[in-house]
Amino acid sequence: QVELVESGGGLVQTGGSLRLSCAASVENFAGYALAWFRQAPGKEREFVAAIRSDNREYYEEYAKGRFRISRDAVGNTVTLQMNDLQPGDTAVYLCAALPGGTWPDIILHTSYHSWGQGTQVTVSS
């Protein structure tokens, strides 16, 4: 059983930054890949970034160079630092956990069975 709780969303102007955090309550945190997905109204859930237990990172193309995912084994948290935010980044951002995490499963939302409740990110133009 994995419990995930996100925090850090909010309203920011174009070009601004936000830092999202996800606290995981799970045994063997180190054995899980952690990921961020996002979903805008009327759109499909889409991959943002993921990090494996060996700290290998994966990013969707639009996130490369602007977003950075990291994990803290001590605090059982995964963080998404988002810079240079654009109105197109407006969405609910969800944290997810996957045991192991191999390619391409790690970037597919259908692979994940443990999800947080989501946190709203709104970027104003």
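Trainee: Among contacts between residues at least 6 apart in sequence, what share joins residues at least 24 apart?

Mentor: Keep in mind that we're looking at a predicted model. Take the contacts in the protein between residues at least 6 apart in sequence, then pick out those joining residues at least 24 apart. That share is 59%.

Trainee: How many strands does the protein have?

Mentor: Let's walk along the chain. From the N terminus on, the elements run β-β-β-β-β-β-β-β-β-β-β. There are zero helices in the protein, and the number of strands is 11.

Trainee: What radius of gyration does the protein have, and what would a compact globule give?

Mentor: Start with the spans: along its principal axes the C-alpha trace covers about 40 × 25 × 25 Å. With 125 residues, a compact globule would have a radius of gyration near 14 Å. The protein agrees with that, at 13 Å.

Trainee: What percentage of the residues count as buried?

Mentor: Buried means under 20% relative accessible area. Apply that to the 125 residues of the protein, and the part that counts as buried is 45%.

Trainee: And how much of the accessible surface belongs to carbon and sulfur atoms?

Mentor: The accessible surface of the protein comes to about 6400 Å². Of that, the part belonging to carbon and sulfur atoms is 48%.

Trainee: Let's zoom in on strand 5. Why is strand 5 described as largely enclosed by the rest of the structure?

Mentor: Strand 5 covers residues 46-51, which makes six residues. It is largely enclosed because the number of its residues that are buried is five.

Trainee: Which residue stands opposite A50 of strand 5?

Mentor: Look at strand 4, residues 32-39, which runs antiparallel to strand 5 and is joined to it by five bridges. The two form a hairpin with six residues between them, and G42 in the turn has a positive phi of about 75°. Opposite A50 you'll find A35.

Trainee: Then which residue stands opposite A49?

Mentor: Now go to strand 6, residues 57-59, which is antiparallel to strand 5 and linked to it by three bridges. This hairpin has five residues between its strands, and N55 in the turn has a positive phi of about 70°. The residue opposite A49 is Y59.

Trainee: On to charges. How many salt bridges does a search of the whole structure find?

Mentor: Side chains of opposite charge can pair when their charged atoms come close. Searching the whole structure for such salt bridges gives a count of six.

Trainee: E46 and R38 meet in a salt bridge; which of the two is buried?

Mentor: Their side chains meet at 2.5 Å, N to O. E46 has 32% relative accessibility, so it counts as partly exposed.

Trainee: Which residues are linked with R38 and E46 in a network of salt bridges?

Mentor: We've already paired R38 with E46. The network of salt bridges that links these two also takes in R66 and D89.

Trainee: K64 and E61 form a salt bridge too; which of them is exposed?

Mentor: The side chains of K64 and E61 meet at 3.2 Å, N to O. K64 has a relative accessible area of 47%, so it is partly exposed.

Trainee: Last one: what is the N to O distance between D54 and R52?

Mentor: D54 is partly exposed, with a relative accessible area of 46%. Its side chain meets that of R52 in a salt bridge, and the distance is 2.5 Å.

Conventions. Residues are numbered from 1 along each chain as its sequence is written. This is a predicted model: local features need pLDDT of at least 70, side-chain atom pairs count only at pLDDT 80 or more; totals for chains, interfaces and linings use all residues. Side-chain values use heavy atoms; hydrogens and water are left out. A salt bridge is a side-chain nitrogen of Lys or Arg within 4 Å of a carboxyl oxygen of Asp or Glu. Buried means under 20% relative accessible area, exposed over 50%, partly exposed in between (1.4 Å probe, protein chains only). Helices (H or I, at least four residues) and strands (E, at least two) are DSSP runs, numbered from the N terminus. Two strands pair if DSSP finds at least two bridges between them. The radius of gyration is taken over C-alpha atoms; the globule rule is 2.2 Å times the number of residues to the power 0.38. Contact means heavy atoms within 4.5 Å. Accessible areas come from the Shrake-Rupley method with a 1.4 Å probe; for residues, only the protein chains shown count as cover.
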